[in-house]
Amino acid sequence: MKPKNLFSLLVFASFLVACSNDNPDTLMEDMPNEDAITYQQNVKSIIDNNCISCHAATPRNGAPMSLVTYTQVKNAIQSRGLLNRISLNNGNSLLMPQGGPRLPQSTIDIVAQWQQDGLLNE
């Protein structure tokens, strides 16, 4: 084997060995996405301004659940179709807020992005 090829092979082999150390003390955590939408920073105010009148600690006007806490809102997104309900068109009887009008698309997009970002609290 030519010296140049042998050298390249040795460099490549040492690279493989060096990259195989999975010592938990030296591994980096995934860096948080600083642009990620969070409940506290972005979604709570949407819920407070548009949903709490019916979805209060004691729900009113036939609302089936409270949307006061992070856990309640997260559950509503994951299990109760909240994102679908706020995304319906005006005139649909299932649209939330009840009776409409539909939230602005930019507001709905924030809630959708929150879901895509992993439903982060803070």
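Student: What is the relative accessible area of Y70, and is Y70 buried or exposed?
Tutor: This is a predicted model, in which local features need pLDDT of at least 70 and side-chain atom pairs count only at pLDDT 80 or more, while totals for chains, interfaces and linings use all residues. Residues are numbered from 1 along each chain as its sequence is written, and side-chain values use heavy atoms, with hydrogens and water left out. Burial is judged with a 1.4 Å probe on protein chains only, where under 20% relative accessible area is buried, over 50% is exposed and anything in between is partly exposed. Y70 falls in the buried class, because its relative accessible area is 18%.

Student: Which residue forms an edge-to-face aromatic pair with Y70 at 5.5 Å centre to centre?
Tutor: Rings of Phe, Tyr and Trp (its six-membered ring) pair if their centres lie within 6.5 Å, and planes under 30 degrees apart count as stacked, over 60 as edge-to-face and the rest as tilted. With 65° between the planes and 5.5 Å between the centres, the partner of Y70 here is Y39.

Student: How many residues apart in sequence are the parts that this pair of Y39 and Y70 ties together?
Tutor: Helices are DSSP runs of H or I with at least four residues, numbered from the N terminus. Y39 belongs to helix α2 and Y70 to helix α3 (residues 70–79), so the parts tied together by the pair are separated in sequence by 31 residues.

Student: Which residue pairs with Y70 at 6.3 Å centre to centre, linking helix α3 to helix α5?
Tutor: This pair is also edge-to-face, with 70° between the planes. It links distant parts of the chain, 44 residues apart, Y70 being in helix α3 and its partner in helix α5 (residues 105–116).

Student: Which residues form one aromatic cluster?
Tutor: A search of the whole structure finds 3 aromatic pairs, among them Y39 with Y70 and Y70 with W114. Y39 is buried, as is Y70. The cluster is formed by Y39, Y70 and W114.

Student: Which residues does A36 contact, leaving aside its neighbours within four places in sequence?
Tutor: A36 sits in the loop between α1 (3–18) and α2 (39–50), and it counts as buried because its relative accessible area is 16%. Contact here means heavy atoms within 4.5 Å. On that basis, the residues in contact with A36 are N42, D117 and L120.

Student: How far apart in space are A36 and Q116, C-alpha to C-alpha?
Tutor: In sequence, A36 and Q116 are 80 residues apart. In space, their C-alpha to C-alpha distance is 9.2 Å.

Definitions and conventions:
Helices (H or I, at least four residues) and strands (E, at least two) are DSSP runs, numbered from the N terminus.
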